Amino acid sequence: MIQWTELAVFSVLFAVITVMGFMAARWQRGSTLDHLDEWGLGGRKFGSWITWFLIGGDLYTAYTFVAVPALLFGAGAMGFFALPYTVILYPMVFLPVLRLWSVSRVHGYVTPADFVQGRYGSSLLALLVAITGLVATMPYIALQLVGLEAVLRTMGLNGTGIAGHLPLLVAFVILAIFTYQSGLRAPALIAFVKDILIYVVILVAVIYLPARFGGWSAIFDAADTKFQATEATSDNILLTGNNQLQYITLALGSALALFLYPHALTGVLASRGRNVIKRNMMALPAYSLVLGLLALLGYVAIAAGVKPITNNATGRADTNTIVPVLFDNEFGSLFAGVAFAAIGIGALVPAAIMSIAAANLWTRNIYKAYLRRDATPRQEAAQAKIASLVVKLGAVLFIIAIDPQFSIDLQLIGGVIILQTLPAVAIALYTRWLHRWALVAGWVVGMGYGMYLLYLIPNPNAGRAHFGGSALALDKLTLFGWHPFTGSPVQIYVGFVALTLNLLVAVLGTLVLRARNVAEGADATSPADYHADEGSERLKPVADVSVEPAR
Amino acid sequence: MSKTSRLRHDQEGLRWNAWNLLLLVPFLMLVTPWFNAIEPTLFGMPFFYWSQFAWVPVGVACVAIVYVRTRDESSPLAPGAPTDVDDLDEGAGR
């Protein structure tokens, strides 16, 4: 049944952000939109507030808001890893991200692969980093659609077949057009609306709902009762002996991975200066608090007896609908409409940023590096705009043609594969000791081993033998048929294991290559580049149309 | 992560500052056995959950202190005043 009031509120708010998206092209306008610095990085001049909303809107996505509570709803304490992950994240990246900002401003880098190209003079390594970024980002965009669709289906737009996907398609076409026109300025402006809505909804939800269900104590009791009743031993309101290591390594691995994603770096590179980034690293944990509270709504949903909606397109119960259903049941339809708009707009902001980041990667590191080396900045911008449309179309097709579960699995894999670029991107910010060919070898081995381990993981609940998650029982850990931990049910995050092997290969490879004096390529960056701040004459002018020096 | 490599000071232009060590403090929250317990509860919330919320302000404080204490070093390079020959070379091209 269609919830008309909710739908009306949702549509009005959606119309507001559509207008904002188109007007954003004129906001803080630079000299031209025909340059990647302008279209793809908003003129590289965002201040502290805009950056806070932009990065916050980028990292804390609709999918996060829907999936993290769903994880607690289904698996208990393990799902709470999102909190430690976002607490250690900012202290961890505080210093490296500043170095990356400086070196990118000095040399005009737009993507992490640009930096790798400049640092190592290796187009193969840069291409690997670019492809990894693209492959990891695509399912992430598709996931935003999963979040958006969960909301649309809760509002009653739960059709079957292609008609069931129509509302999603409409929302995405609008998004595609204003991103094409306004570039990064569109999500930056809309992020204000998104975050204000999210904060209002969450504050109301975490104050009102616990009181309604007898306080936190009763809610945790209800969750405990549910988990005790199931046969599985892994779900519990505390960590079990078997998933503590997984909790730690997943939080750590996710934190290491996040700022390797091209879209996270897009927000950083769009900021005006180092102080803007520093202030943001202090202020962004405000979102962590919200995320933690939101996660607990998974338990509130248990206490409220929420039943997930069956997705009519796939015919299965979709636990991602539990938070929308909770809002639908417990709030008046006016406020539920606001909450749904918050989640829906929360899907569009990151989807726009991700598609821009993917378009930048394609343009800079594949189109310009291989297809058209003499492309002018104007042609680059035109190419990126078209690429952003293609990327979004691909994401929509992904959701329509393939089971959404597949994009959720791919996103899990995405974390594992993006981690494999850590040595070439993050470590390279500090030292060039690792040899470029050793980095290539480490990437190949880490990627292959990670995929192999993911293949070994079954998911008995979903009845699948392979790619059933990212938690690997140590029992299954194998290296050329050698099982170092036979019989151990303790779980660990696959990305962490693969990264360890990647680093090992990179270090050993470097020792061998250095002993043989293999050429290590030219470094276009100099030590002082990594400390340059706004106002310095070292910085390359924004939207500079002069021809780049030969790479 | 790659913090140990900071010792290669002159070669990579790394700046050591002891205040930066504070950034390691939040990692202590990864020691799950310390807080994987129901009691003591706060507002009915098990220790496992509320103690992790308590780490959020700790993380913010650590980053804030580092930010304030390292602010003066932010641009020791005066604009356009390179410190060594390599920089002169690099600066001329851009």
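In this predicted model, helix α1(A) passes helix α9(A) in a right-handed crossing. The residues that make the contact are Val16(A), Ile17(A), Met20(A) and Gly21(A) on the α1(A) side, and Ala186(A), Leu189(A), Ile190(A) and Val193(A) on the α9(A) side. Sorted by class, this contact has 7 nonpolar residues, 1 polar residue and no charged ones. Helix α1 covers residues 4–23 of chain A and helix α9 covers residues 185–212 of chain A; their axes come within 8 Å and cross at roughly 150 degrees.

From α1(A), the contact takes in Thr5(A), Glu6(A), Ala8(A), Val9(A), Phe10(A), Leu13(A), Phe14(A) and Ile17(A). From α16(A), it takes in Ser333(A), Leu334(A), Ala336(A), Gly337(A), Val338(A), Phe340(A), Ala341(A), Gly344(A) and Ile345(A). By class, the contact of α1(A) with α16(A) has 12 nonpolar, 4 polar and 1 charged residues. Ile17(A) is listed in the contact with α9(A) and again in the contact with α16(A).

| Helix pair | Axis approach | Crossing angle |
|---|---|---|
| α1(A) and α9(A) | within 8 Å | roughly 150 degrees |

**Individual residues of chain A**

Is Val306(A) buried or exposed? Val306(A) has 23 C-beta neighbours inside 10 Å and therefore counts as buried, the cut-off for burial being 20 or more. Its place is in the loop between α14 (285–303) and β1 (310–311) of chain A. Leaving aside residues up to four places away in sequence, Val306(A) touches Ala301(A), Ile322(A), Val325(A), Leu326(A) and Asn329(A). Phe65(A) is 241 residues from Val306(A) along the chain, and the C-alpha atoms of the two are separated by 17 Å.

Leu169(A) belongs to helix α8 of chain A, residues 161–182. Leu169(A) has 14 other C-beta atoms within 10 Å, so it is partly exposed.

Asn517(A) is found in the segment after α21 (494–515) of chain A. With 7 other C-beta atoms within 10 Å, Asn517(A) is exposed. Its phi is near 55 degrees, a positive value in a residue other than glycine.

**Chain B**

Chain B has 3 helices and 0 strands, and its pattern along the sequence reads α-α-α. Of its 94 residues, 18% are buried. Taking contacts in chain B between residues at least 6 apart in sequence, 49% join residues at least 24 apart.

The loop between α1 (9–12) and α2 of chain B holds Pro40(B). A cis peptide bond joins Glu39(B) and Pro40(B), with omega about -5 degrees. Phe43(B) also lies in the loop between α1 and α2 of chain B. Phi of Phe43(B) is near 50 degrees, a positive value in a residue other than glycine. Most residues other than glycine have a negative phi, and most peptide bonds are trans. Is Phe43(B) buried or exposed? Phe43(B) counts as exposed because it has 9 C-beta neighbours inside 10 Å.

**Confidence**

The model scores ipTM 0.84 and pTM 0.86. For chain B, the mean pLDDT is 71, and 62% of its residues reach 70 or more. Which helix of chain B has the lowest confidence, and which the highest? Confidence is lowest in helix α3 (residues 85–93) of chain B, at a mean of 39, and highest in helix α2 (residues 47–69) of chain B, at 91. Residues 1–12 of chain B have a pLDDT below 50, and beyond near neighbours in sequence this stretch has 17 contacts in the model. Residues 74–94 of chain B also have a pLDDT below 50; beyond near neighbours in sequence, that stretch has 25 contacts in the model. Where pLDDT is low, the predicted coordinates should not be read in detail.

Conventions
Residues are numbered from 1 along each chain as its sequence is written. Chains are lettered from A and ligands numbered from 1 in the order in which they are written. This is a predicted model: local features need pLDDT of at least 70, side-chain atom pairs count only at pLDDT 80 or more; totals for chains, interfaces and linings use all residues. Helices (H or I, at least four residues) and strands (E, at least two) are DSSP runs, numbered from the N terminus. A residue is buried if 20 or more other C-beta atoms lie within 10 Å of its own, exposed if 12 or fewer, and partly exposed in between; C-beta atoms are placed from the backbone. Two residues are in contact if their C-beta atoms, placed from the backbone, lie within 7 Å. pLDDT is the predictor's confidence in each residue, from 0 to 100. Axes are lines fitted to C-alpha atoms, for helices over the stretch in contact, and angles run from 0 to 180 degrees between N-to-C directions. A crossing is left-handed if the near helix is turned anticlockwise from the far one by less than a right angle, and right-handed if clockwise. Ala, Val, Leu, Ile, Met, Phe, Trp, Tyr, Cys and Pro count as nonpolar, Asp, Glu, Lys and Arg as charged, and the others, Gly among them, as polar.
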